[in-house]
2 protein chains.
Amino acid sequence: MDRLSEVFGALADPTRRAILARLAEGEATVNQIAEPFPISLQAVSKHLKVLEKAGLITRGKEAQWRPCRLDAAPLREVANWVTTYQRFWEERYDELGAYLKQIQKEN
Amino acid sequence: MDRLSEVFGALADPTRRAILARLAEGEATVNQIAEPFPISLQAVSKHLKVLEKAGLITRGKEAQWRPCRLDAAPLREVANWVTTYQRFWEERYDELGAYLKQIQKEN
DNA sequence: CGGTTAATTAACTCCTAGGTTGAATATGCG
DNA sequence: CGCATATTCAACCTAGGAGTTAATTAACCG
């Protein structure tokens with residue numbers, strides 16, 4: 001699968017986005033990450049694997065802990081992609097669109 | 001499903017992103033959209049339904065044609081979400097991180 | 001060593017996603 | 001009307017996603 005699809009896919013889940021939000025506050029172990037969620041540890045472990053495969057987190061190895069850290073590099077790619085559409089949601093563009101429609105009606 | 005997950009899910013497919021890119025150049029009918037893709041018209045129709053459900057496109061009704069138009073509003077939400085992580089990929093932050101690590105080593 | 005804690009792997013269920021083909025539903029046109 | 005065009009709907013297939021429980025691996029600790 002292409003990189004961008006993998007990243008978007010990883011982000012298309014509220015649990016995984018919540019994990020990223022948690023990691024934005026600092027690195028955490030799997031148990032710490034899983035604690036607030038109503039799902040099993042194993043399910044969280046799977047989510048972490050998805051995030052890791054998408055490059056959104058990296059994992060360390062300290063004794064029996066695997067601390068996870070946020071890696072926002074793929075998010076920059078997302079930001080780059082999405083801003084190519086920025087003109088379509090900016091107010092100025094909406095005004096232009098309204099103006100063009102107005103012109104069209106008048107003719 | 002929550003809105004953001006739906007939008008991210010819709011974007012997690014290269015065909016759908018290509019459709020959005022096509023619509024950025026102007027509205028198009030289903031056949032026009034489907035033309036460059038190596039999949040069936042029905043498959044494209046399904047993709048359009050996904051994009052519509054995510055609010056990324058709107059569709060008109062002209063005779064037997066259903067012209068699709070890009071609606072970038074959800075992309076603004078994506079941009080808003082992703083920029084909350086901007087500090088994690090900006091160079092200044094990387095420098096800060098390196099600095100903090102340096103401090104830590106020195107103590 | 002033996003037990004405890006941390007995390008992953010395995011095997012399974014259920015459901016949805018993306019694709020197919022074939023039939024159905026409009027709408028325009030001669 | 002009857003046919004061609006545009007699009008959707010329906011039924012089906014296969015693969016993978018998200019969750020579960022049970023078993024396994026790895027590392028520390030008394």
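This is a predicted model: local features need pLDDT of at least 70, side-chain atom pairs count only at pLDDT 80 or more; totals for chains, interfaces and linings use all residues.
The size of an interface is often given as the accessible area lost when the parts come together. Here, chain A and chain B bury about 2300 Å² between them, and carbon and sulfur atoms account for 73% of that area. Within chain B, the residues that lose the most area to chain A are B:Arg17, B:Tyr85 and B:Trp89, which together make up 27% of what that side buries. The contact draws on 25 residues from chain A and 25 residues from chain B.

Charged and polar pairings also join the two chains. Two salt bridges are counted between chain B and chain A. In a salt bridge between A:Asp2 and B:Arg17, the side chains meet at 2.6 Å, N to O. Six residue pairs are in polar contact across the interface. On the side of chain B that touches chain A, two or more residues come from each of helix 1 (3-11), helix 2 (14-23), helix 5 (73-83) and helix 6 (86-89). Helix 5 of chain B gives the most, with six residues. By residue type, this side of chain B divides into 18 nonpolar, five charged and two polar residues.

Finally, the backbone of chain B holds a detail worth a look. Most residues other than glycine have a negative phi. B:Ala63, although not a glycine, has a positive phi of about 55°. This residue lies in the loop between strand 1 (57-59) and strand 2 (68-70) of chain B. B:Ala63 counts as exposed because its relative accessibility is 57%, and exposed means over 50%.

Note on methods. Residues are numbered from 1 along each chain as its sequence is written. Chains are lettered from A and ligands numbered from 1 in the order in which they are written. Side-chain values use heavy atoms; hydrogens and water are left out. Helices (H or I, at least four residues) and strands (E, at least two) are DSSP runs, numbered from the N terminus. Buried means under 20% relative accessible area, exposed over 50%, partly exposed in between (1.4 Å probe, protein chains only). Contact means heavy atoms within 4.5 Å. Buried area is the accessible area (1.4 Å probe) that two parts lose on being put together, summed over both. A salt bridge is a side-chain nitrogen of Lys or Arg within 4 Å of a carboxyl oxygen of Asp or Glu. A polar contact is a pair of N or O atoms within 3.5 Å; within protein, one must be able to donate a hydrogen and the other to accept it, and residues adjacent in sequence count only if both atoms are side-chain atoms. Ala, Val, Leu, Ile, Met, Phe, Trp, Tyr, Cys and Pro count as nonpolar, Asp, Glu, Lys and Arg as charged, and the others, Gly among them, as polar.
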